[in-house]
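Have the model open beside you as you read.

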Amino acid sequence: MKKYILFFTLSIAITLSASTPPPGFKKYLVFDDFCDACGCSASGGGMGFSSMINQNFVGIRYFHQSYSSRDGIFNNSPWVDENFNTVQAWARIPVFKNFQVTALVPYHFHNRELSTGRQEISGLGDITVIGLYTLYQTKTDMLTFTHTLQAGAGVKAPTGKYDSANNGSVNPSFQVGTGSWDYLLAAEYVIRYKDWGFNGMANYNIKTENDKNYQFGNQFNYGGTLFYVAETTKLTIVPQAGIAGEVYDANKQYKERLPDTEGYALFGRAGVEMGVDKFSIGINGMLPISQNLTGGRVEANYRWSVNLNYSL
């Protein structure tokens, strides 16, 4: 048990996913990172789209994102704290062989302290549905290796309210919805050897213009994760560590690019999930390694999440 604790303590970062394991092992699955900078209609805040222990499940999770932003456009404008909170119902359901669908229904409640007073917004966010298909899978039983390649697509519906008045702020992502239909392309590769595994992933979010003539920039996400599976007769523990990166194109209004709305962020991430019978609980945290958001006028501080799932 000491080596599991040491592994988790030294970890920073993750985007975990897994595939069909060698005989005798469970299947651990996570797909990651369809979110907007600073939590605007964020579906996962980089926290993942699936459970590490429950292949097919229904559950609920809470995640929090902390940011600081300039309360004004000048270099000497004061910094204010912004807090993005989401409670999300989520599920992963098999449709047919080698194809799974993940659905996410978020409810957001955000707040920030401006010079003019406290601002709060809340409401149903944008609902996301994602389908993933296993394109290639092979294994060498002698060495207990597995390799899996998955790809898929999804859609995010504009079920969350978009308020154009918030676009006048330095952080235009202070919203509960984008007001637009967005489309997702995704791919991941997983390799496992006995109890150890590594996942590489990439996805691209294509965003469209909403009915207020505003368009959030397209988003590219990438990540890599190392994980370890520790099992007893009653308990499964999966610590993991890796990196998660996000790159944002500039936003547009009336099809014109808006200055200082593009950016990037690279996070380290650590987490652990524990399962007993059909229930599992997971905890994850993320800290920025490098970032440049909205010309340096928005800074990501940290993110964390907790989830409770029931295996179907």
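## A tilted ring pair

Phe-145 is partly exposed, with a relative accessible area of 26%. Tyr-193 is also partly exposed, at 35%; buried means under 20% relative accessible area, exposed over 50%, and partly exposed in between (1.4 Å probe, protein chains only).

This is a predicted model, in which local features need pLDDT of at least 70 and side-chain atom pairs count only at pLDDT 80 or more, while totals for chains, interfaces and linings use all residues. Residues are numbered from 1 along each chain as its sequence is written, and side-chain values use heavy atoms, leaving out hydrogens and water.

Across the whole structure, a search finds 13 aromatic pairs. In one of them, the ring centres of Phe-145 and Tyr-193 are 4.9 Å apart with planes at 40°, so the pair is tilted. Rings of Phe, Tyr and Trp (its six-membered ring) pair if their centres lie within 6.5 Å; planes under 30 degrees apart are stacked, over 60 edge-to-face, and the rest tilted.

The charged end of Arg-61 sits over the ring of Trp-90, 4.1 Å from its centre, and that of Arg-112 sits over the ring of Phe-174, 3.9 Å from its centre. The test is NZ of Lys or CZ of Arg within 6 Å of the ring centre and within 35 degrees of the ring normal.

## Neighbouring strands

Strands S15 (residues 263-276) and S16 (residues 279-293) pair antiparallel over 14 bridges. Strands (E, at least two residues) are DSSP runs numbered from the N terminus, and two pair if DSSP finds at least two bridges between them. Arg-269 has Met-286 in S16 as its bridge partner.

Definitions and conventions
Helices (H or I, at least four residues) and strands (E, at least two) are DSSP runs, numbered from the N terminus.
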